Amino acid sequence: MKRYLKPILAVVIISLSFTIFSACGEKEANNTPAPPTETTDLDNTEEPKKEDSEENNKSEFLKFELGNDIGKTVVKLSFKAQEGDDWTEIKLFEDVWQSGFIIPVEVELKNKKNPESGWYIRTVFEDGTEELFEGVKLTEGSSVILTEEGPVY
């Protein structure tokens, strides 16, 4: 009898362990929170003023791809919509943009429209020299390659 007691006890302990672990997994799976739902106040019949609405104050973003075929590594990339505007610097991945690579770019329009005459793009290279591209046409989802001769669409 003692001979069978240890194996039987081991089987019971292992079975209970598996039962406990599988029960814990089921409980976690069944207790996932429901996604949040939107609620509306039916008693509030007042319409929001268009001047104060968040939609008018939201900044839109222009997303596109930009390629570097200039033959130099760029260490600083800046944009502006009009000549009198301030430059907006774009954060480069690993602080450099090597020639031969395309990067995704997102420019905040700051309640401005995409200029019909095109954008000003300034690149600063590793050796400290700069190149200015004027009138670069950028649209949502477009791809533009910057070359020594100018932008290629």
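Over which residues does pLDDT stay under 50, with zero contacts beyond four places in sequence? In this predicted model, the stretch is residues 26-30. A further stretch, residues 33-42, also has pLDDT below 50. Beyond near neighbours in sequence, residues 33-42 have zero contacts in the model. For the protein chain, the average pLDDT is 78. A score of at least 70 is reached by 65% of the residues.

Strand 7, residues 143-147, pairs with strand 8 in the antiparallel sense. Three bridges link strand 7 and strand 8. In strand 8, Pro151 stands opposite Leu146.

The largest nonpolar core holds 23 residues. In soluble globular proteins, nonpolar side chains tend to be buried together. Leu66, Leu77, Phe79 and Leu138 touch the most other members of the core. Several strands contribute to this core. At least two residues each come from strand 1 (61-69), strand 2 (74-80), strand 4, strand 5 (119-125), strand 6 (130-136) and strand 7.

Residues up to four places away in sequence are not counted here. Leu138 touches Leu62, Phe64 and Phe79, as well as Asn114, Trp119, Ile121 and Val144.

Methods:
Residues are numbered from 1 along each chain as its sequence is written. This is a predicted model: local features need pLDDT of at least 70, side-chain atom pairs count only at pLDDT 80 or more; totals for chains, interfaces and linings use all residues. Side-chain values use heavy atoms; hydrogens and water are left out. Two strands pair if DSSP finds at least two bridges between them. Helices (H or I, at least four residues) and strands (E, at least two) are DSSP runs, numbered from the N terminus. A nonpolar core is a set of buried Ala, Val, Leu, Ile, Met, Phe, Trp, Tyr and Cys residues joined through side-chain atoms within 4.5 Å. Buried means under 20% relative accessible area, exposed over 50%, partly exposed in between (1.4 Å probe, protein chains only). Contact means heavy atoms within 4.5 Å. pLDDT is the predictor's confidence in each residue, from 0 to 100.
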